[in-house]
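This briefing covers the fold, the core, the surface patches, the salt bridges and the backbone of one protein. The sequence and the structure come first.

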Amino acid sequence: MFRQAMAEHRRDLLPQLVRLLHGVEAGVQRGLTDGDLACWLAVADRIYREHARWAVPPASLVLSDLSQRQVEHLAEQLEQRNREYTEAYLDPDLQRRERRRVERYIERVERWSGDLTTGQLRLVEALVRRLPDTAADWLDYRQHTQHELLELLGADVGRSTLQQFLDAWWVDLAGRHPDLLDKTRRVREGVIDLVVALDETITPRQRERVRERLRDLRVDLAGAADVPSVAAQTELACLEGG
């Protein structure tokens, strides 16, 4: 079952990622705009939903066949991951929590760009501090949906019900509180502002490093998907998803 699912993934979904990375790579080369980023994020959202939709059938099949002992093990694993999430993102010291949040953003940017300049570091810090902190909201959401899943498994509802539940959760992220939806929208807009601001200050060396990272990832995925990494498809990903 998993071999078949992965074959379908390589055939149907990976090529979409390759085309999207082509578009982002070209955008980095010419300079980024908020329109580019908004469109690419919309395409990325669509690709995420298609990946989630692909994952639901095999996941529901496995979950519907779990023994009681396996359900208990799953509950323990979810609880452990929630504790790890709390330790990582919900430090009770609010100043330290915000400092760590800024550090995470810097680490994520430098993973692509290499070391940031002092001015860029200050730019990231200033913009990140304006973003809403969604960590507690996401924890509430995931705990609620995890509890629902475990109740369904305990009631032995069958694969069809599990598939409907997972589709609503993973594909649509259904059930999010309006506050979380609003904060997520503001974070998205803030990230676009951050990337555009950084693009205006990026050095030629940093830009080339970002392009190299994107190119390496694109080539690796193209190889896994066994599709040509065609430059002519560069702009299609964003336009098709817009």
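A salt bridge is counted where a side-chain nitrogen of Lys or Arg lies within 4 Å of a carboxyl oxygen of Asp or Glu. By this rule the protein has 19 salt bridges. The model is predicted: local features need pLDDT of at least 70, side-chain atom pairs count only at pLDDT 80 or more, and totals for chains, interfaces and linings use all residues. Residues are numbered from 1 along each chain as its sequence is written, and side-chain values use heavy atoms, with hydrogens and water left out.

**Overall fold**

- The protein has 10 helices and 0 strands, where helices (H or I, at least four residues) and strands (E, at least two) are DSSP runs numbered from the N terminus.
- Along the sequence the pattern reads α-α-α-α-α-α-α-α-α-α.
- The C-alpha trace spans about 60 × 50 × 25 Å along its principal axes.
- Of the 242 residues, 37% count as buried; buried means under 20% relative accessible area, exposed means over 50%, and partly exposed lies in between (1.4 Å probe, protein chains only).

**Nonpolar core**

- A nonpolar core is a set of buried Ala, Val, Leu, Ile, Met, Phe, Trp, Tyr and Cys residues joined through side-chain atoms within 4.5 Å.
- The largest such core holds 18 residues, and those with the most contacts inside it are Leu20, Val24, Val28, Leu37, Trp40 and Leu214.
- Two or more residues of this core come from each of α1 (2-30), α2 (34-63), α8 (178-201) and α9.
- The largest contribution to this core is from α1, with 6 residues.

**Surface patches**

- Patches are built from residues with over 30% relative accessible area and no salt bridge, like charges being joined within 9 Å and nonpolar side chains (Val, Leu, Ile, Met, Phe, Trp, Tyr) within 5 Å.
- For charge, Lys and Arg count as positive and Asp and Glu as negative, while His and the chain ends are not counted; the place of a charge is NZ of Lys, CZ of Arg, CG of Asp or CD of Glu.
- A surface patch of positive charge is formed by Arg108, Arg111, Arg205, Arg209 and Arg213.
- Helices α4 (94-113) and α9 (204-225) each supply at least two residues of the positive patch, and α9 has the largest share with 3 residues.
- Arg213 is part of helix α9 and counts as partly exposed because its relative accessibility is 30%.
- A nonpolar surface patch consists of Met1, Phe2, Leu61 and Val62, which together have about 350 Å² of accessible area, by the Shrake-Rupley method with a 1.4 Å probe and only the protein chains shown counting as cover for residues.
- Met1 sits in the segment before α1 and is partly exposed, at 45% relative accessibility.

**Salt bridges**

- In helix α3 (residues 68-89), Arg83 and Glu79 are 4 residues apart, about one turn of the helix, and their side chains meet in a salt bridge (3.2 Å, N to O).
- Both partners are partly exposed, Arg83 with a relative accessible area of 38% and Glu79 with 47%.
- Arg97 forms a salt bridge with Asp133, with the closest N and O atoms 3.8 Å apart.
- Because Arg97 lies in helix α4 and Asp133 in the loop between α5 (118-128) and α6 (135-155), this pair ties together parts that are 36 residues apart in sequence.
- Arg97 is buried, at 18% relative accessible area, whereas Asp133 is partly exposed, at 27%.
- Asp182 and Arg186 meet through their side chains in a salt bridge (3.4 Å, N to O); they are 4 residues apart in helix α8, so about one helical turn separates them.
- Asp182 is partly exposed at 30% relative accessibility, and Arg186 is partly exposed with a relative accessible area of 37%.
- A network of salt bridges links Glu25, Glu208, Arg211, Arg215 and Arg218.

**Backbone**

- Asp156 is not a glycine, yet has a positive phi of about 55°.
- Asp156 lies in the loop between α6 and α7 (159-171) and is exposed, with a relative accessible area of 62%.
- Leu173, also not a glycine, has a positive phi of about 50°.
- Leu173 is in the loop between α7 and α8 and is partly exposed, with a relative accessible area of 23%.
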